[in-house]
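Please examine the sequence and the structure before reading each solution.

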Amino acid sequence: MKNDLIINAIKVKTEKYQKVFSVSDNSELGEFALANGLQVNDAYTAARDAYKIWSEVSTYEKTELIKRVAEELILRKEEIAKLLSHEVGKPYASALDEVVRSAEFIYTSCEIAKSMEGRVLDSGMMRGYKHSQKVSIVTKVPIGVVLCISPFNYPINLSVSKIVPALLAGNTVVFKPATQGSLVAYILAEIFSKNLPTGSLNFITGKGAEIGDLLVQNENVDMVNFTGSTEVGKHIYSVLAESSQRKVGFKTPLMELGGKDVAIVTKKADVQKSVQQIVKGAFSYSGQRCTAVKKVLIQGDIFDVFLSLLQIEMNKLKVGSPLDTNVVITPLISTSAANYAEELFHDAVSKGMNFINPFKRDKNLIYPNILFSSATFDEKKIKEIRIFDEEQFAPILPVFQVETIDQAIKLANLSEYGLQSDVFTQDINEAFYIANQLESSTIQINAKSDRGPDNFPFAGTKNSGIGVQGMKDAIESMSIDKQIVVNF
């Protein structure tokens with residue numbers, strides 16, 4: 001399986017390719033193309049030329065074309081899910097669900113796009129103006145060419161959730177997936193390309209270190225929609241700011257970045273249900289999700305019993321190959337990811353945290369574990385424990401004891417991230433008291449943090465993102481309000 005670039009609906013070969021190996025068994029899966037600067041520019045030129053045509057296509061016609069992509073995803077779901085499992089190590093059942101969910105995202109987004117309307121405003125409500133002296137007609141128009149950069153952990157869903165709203169808004173797309181996930185992303189790009197007007201979607205692969213800045217700096221890019229680490233997101237933001245100075249108009253960022261989602265468990269929580277949600281939230285897909293539960297703050301009255309039940313539930317998790325049935329813990333995406341997880345574990349132990357099980361690793365497979373401390377840390381000391389605020393992306397869950405709800409809120413807000421938080425309590429007043437003070441974009445009550453349902457808005461505060469995604473929200477984020485004022 002040797003995948004090329006797709007530019008102007010033509011498969012383009014490159015001088016260099018990179019081999020891809022299975023996370024599951026290290027077998028060779030195929031190769032993806034390493035694009036050069038000239039090919040990056042060709043992709044943008046194709047997208048800019050296609051924009052003149054695609055932006056004029058009616059919303060109805062757009063949806064009819066895009067829905068064909070969903071139809072093919074469903075027809076090929078087993079094939080795509082199997083490759084997805086091998087390439088990024090996601091359990092097969094979850095991979096299959098991702099493909100189906102992505103098709104559902106397309107169908108629902110198409111219906112939402114058809115229901116979106118402009119608005120008309122009248123001047124009569126404002127002082128100094130008469131009724132209908134001025135009438136504003138506001139419509140949504142596309143931004144232009146959108147660069148969509150997707151991460152390794154959801155190579156179909158998080159690609160679709162960028163590409164489809166961009167296209168429905170009338171934009172054209174240059175699509176760059178993560179290197180891990182490029183093979184399965186190629187199938188997706190192929191399906192889009194053959195169902196859309198030539199050049200509406202162009203597919204570029206390569207190493208971010210080599211072509212990342214070229215993609216972001218190109219004079220034809222109008223928006224960058226990126227999901228990935230906060231570190232890379234900050235770099236993209238700085239490059240956009242620089243390139244905007246050399247071009248008329250600002251280039252818009254829409255970013256979904258890192259998270260350190262905290263779960264606060266009060267003494268009024270349903271302990272058993274809270275444990276089940278937290279284990280599922282922390283350990284599914286080995287914790288390799290921005291919305292995974294990444295630390296837990298437990299009120300002292302229930303700490304011991306909660307930790308005991310947490311251990312029992314964690315030890316039930318099946319560890320193995322992503323192609324095994326009912327497996328939850330699979331190898332991490334890379335050796336560097338596994339090394340980083342091991343560093344964080346040993347750092348925490350060296351700074352006074354205890355562990356449920358001795359650290360166990362088999363190549364890139366990290367066995368699930370819980371770090372815990374019943375000690376009361378002051379702010380300075382707890383910040384010195386790296387896993388308290390560094391995003392682990394691994395099946396290692398740090399658990400801390402707190403005495404009061406206010407202490408839990410204070411510790412939760414120490415984070416540089418603000419993606420999601422979870423509050424577990426059966427007292428609705430307590431739930432809203434905590435939620436209203438947490439510095440997160442989304443707070444889940446009595447459930448694990450979660451990116452879905454896909455029609456809900458998804459955003460991050462602090463270092464967790466810029467802008468709002470979702471379905472309707474993403475279409476609006478990738479559009480501009482255009483106003484025509486009629487003066488009577």
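**Exercise 1: the largest cavity**

In this predicted model, strand E13 (261–265), strand E20 (417–418) and strand E21 (420–424) each contribute at least two residues to the lining of the largest cavity. Determine the volume of the largest cavity, the residues nearest its centre and the classes of its lining residues.

*Solution.* Step one: the volume of the largest cavity is about 70 Å³. Step two: 14 residues line the largest cavity, and those nearest its centre are Lys 260, Ala 412, Tyr 417, Ser 421 and Ser 440. Step three: by class, the lining comprises five nonpolar, six polar and three charged residues.

**Exercise 2: the second largest cavity**

Identify the residues that line the second largest cavity, and state their classes.

*Solution.* Step one: the second largest cavity has a volume of about 40 Å³. Step two: its lining consists of Ala 375, Thr 376, Phe 377, Ile 382, Phe 400, Gln 401, Gln 407 and Leu 411. Step three: strand E19 (396–402) and helix H14 (405–412) each supply at least two of the lining residues. Step four: the lining divides into five nonpolar, three polar and no charged residues.

**Exercise 3: a helix pair**

How are the axes of helix H2 (residues 59–75) and helix H3 (residues 77–88) arranged?

*Solution.* Step one: the two axes come within 5 Å and cross at roughly 75°. Step two: angles of 65 to 115 degrees count as roughly perpendicular, so H2 is roughly perpendicular to H3. Step three: Leu 73, Ile 74 and Leu 75 of H2 make the contact with Lys 77, Glu 78 and Ile 80 of H3. Step four: this contact has four nonpolar, no polar and two charged residues.

Notes: Residues numbered from 1 in each chain as written. Predicted model: local features only at pLDDT ≥ 70, side-chain atom pairs only at ≥ 80, totals over all residues. Heavy atoms only, no water. Axes fitted to C-alpha atoms, helices over the stretch in contact; angles between N-to-C directions. Helix = DSSP H or I, 4+ residues; strand = E, 2+ residues; numbered from the N terminus. Parallel < 35°, antiparallel > 145°, perpendicular 65-115°, else oblique. Contact = heavy atoms within 4.5 Å. Nonpolar A, V, L, I, M, F, W, Y, C, P; charged D, E, K, R; others polar. 1 Å grid on protein atoms, 1.4 Å probe; cavity = no way out; pocket = protein on both sides within 12 Å on 5 of 7 lines; lining within 4 Å. Points joined across faces, edges and corners; volume = space filled by probe spheres on them.
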